[in-house]
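Please walk through this model with the sequence and the coordinates side by side.

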Amino acid sequence: MKRKALAAMTAFWRKIPVSLLDWYIIRKFLGTYVFAIILILAITVMFDINEKLDAFLKAPLRATVFEYFMNFLPYFANQFSPLFTFIAVIFFTSKLADNSEIIAMLSSGMSFRRLLRPYMISATIIAIGTFLLGAYIIPPANVKRIDYTNTYVKNKRVDYGDNIMMQVAPGTIAFMSRYDNTTRTGYRFSLEKFQDKKLVSRLTSMSIKWDTLYQWQVRDYVIRDFKDNREFITRGQRLDTVIPFEPRDFLISRNDQEMLTSPQLREYISRQKERGVANIKAFEIEYEKRIAMCAAAFILTVIGMSLS
């Protein structure tokens, strides 16, 4: 599959006539783009060290370098990739115009549309790289970066929740009056199952503890089953059961959306909508932003070239 994909990509690029002049502009474009990123990242690192110096001094050096900065730099560069693209186009195209190279190109009969071709090829390379980084590579790295900031800089994790209610399965509603993620325990839990808009079963318990994935331990429980206008009651001290939800479905912290790849984001948004969860706007914005940033590379390239 990899060989076929590589062959298809090679065939695609061979169909595009790229002249020596095109390679010259592409090299100038991408070189300036990389230089601008390195320059701004160096400045950003200095400001970030100054801002978080206390945290960096108490954190292990290895964690600071490999868990924070090695993941922070790609994240920051990708976030501002459209801006770097615009700056790169303005900078190197203005230099070409100042050296009368643009005048020579247009005087030779080259149209503006033809001159735009190498710019669009460069923007395509940047857009593809931006999308792959933002959608698949950076989210797993953000897990380490955000965990580092929560541990040593400022804890933004949400470890508590009150009055939690959601649809965990079609016709099944779960409720907890309070959940403590430090002990993985929820209190005053109820699980109601409906069929044809009628209550057929209701489980209540004093507490419920999350184990792994969808595994829960229900303690001091009472199950009421309703059938043929009769009520059947079952009591017990402990019940290991599977309930299709987990703490991350209702304990939503800031920047959680940055730790999910695009396929995971799409699946998460769809699942949360089915469950009736309302506070997923940040996840929807993050998903659309990753696509919009690719389009921004082309738009800012055209604007920057026209201005310069």
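The text below takes the sheet, then a loop residue, then a helix pair and its salt bridges.

This is a predicted model: local features need pLDDT of at least 70, side-chain atom pairs count only at pLDDT 80 or more, and totals for chains, interfaces and linings use all residues. Residues are numbered from 1 along each chain as its sequence is written, and side-chain values use heavy atoms, with hydrogens and water left out.

Start with the sheet. Six strands form an open sheet in the order β1-β2-β3-β4-β5-β6, with antiparallel pairing. Strands here are DSSP runs of E with at least two residues; helices are runs of H or I with at least four; both are numbered from the N terminus. Two strands pair if DSSP finds at least two bridges between them. β1 (160–169) and β6 (230–242) stand at the edges with a single partner strand each, so one side of each has no neighbour in the sheet. Inside the sheet, β3 (residues 185–195) pairs with β4 (residues 198–210) over 10 bridges, in the antiparallel sense. E192 stands opposite R202 in β4.

Next, the loop between β2 (172–180) and β3, which holds N181. N181 is partly exposed, at 26% relative accessible area (buried means under 20%, exposed over 50%, partly exposed in between, with a 1.4 Å probe and protein chains only). Leaving aside neighbours within four places in sequence, N181 is in contact with D159, P247 and L251 (contact means heavy atoms within 4.5 Å). N181 and W210 are 29 residues apart in sequence, yet 9.0 Å apart C-alpha to C-alpha.

Now the helices. The axes of α8 (residues 262–275) and α9 (residues 281–307) come within 10 Å and cross at roughly 145°. Axes are lines fitted to C-alpha atoms, for helices over the stretch in contact, and angles run from 0 to 180 degrees between N-to-C directions. S262, L265, R266, Y268, I269 and K273 in α8 meet F283, E284, E286, Y287 and R290 in α9.

D249 lies in the loop between β6 and α8 and R271 in α8, so the pair ties together parts 22 residues apart in sequence. D249 is buried at 0% relative accessible area. R271 also counts as buried, at 17%. R271 meets E267 as well, at 3.9 Å, N to O. E267 counts as exposed, at 52%. D249, E267, R271 and R275 are linked in a network of salt bridges.

Conventions: A salt bridge is a side-chain nitrogen of Lys or Arg within 4 Å of a carboxyl oxygen of Asp or Glu.
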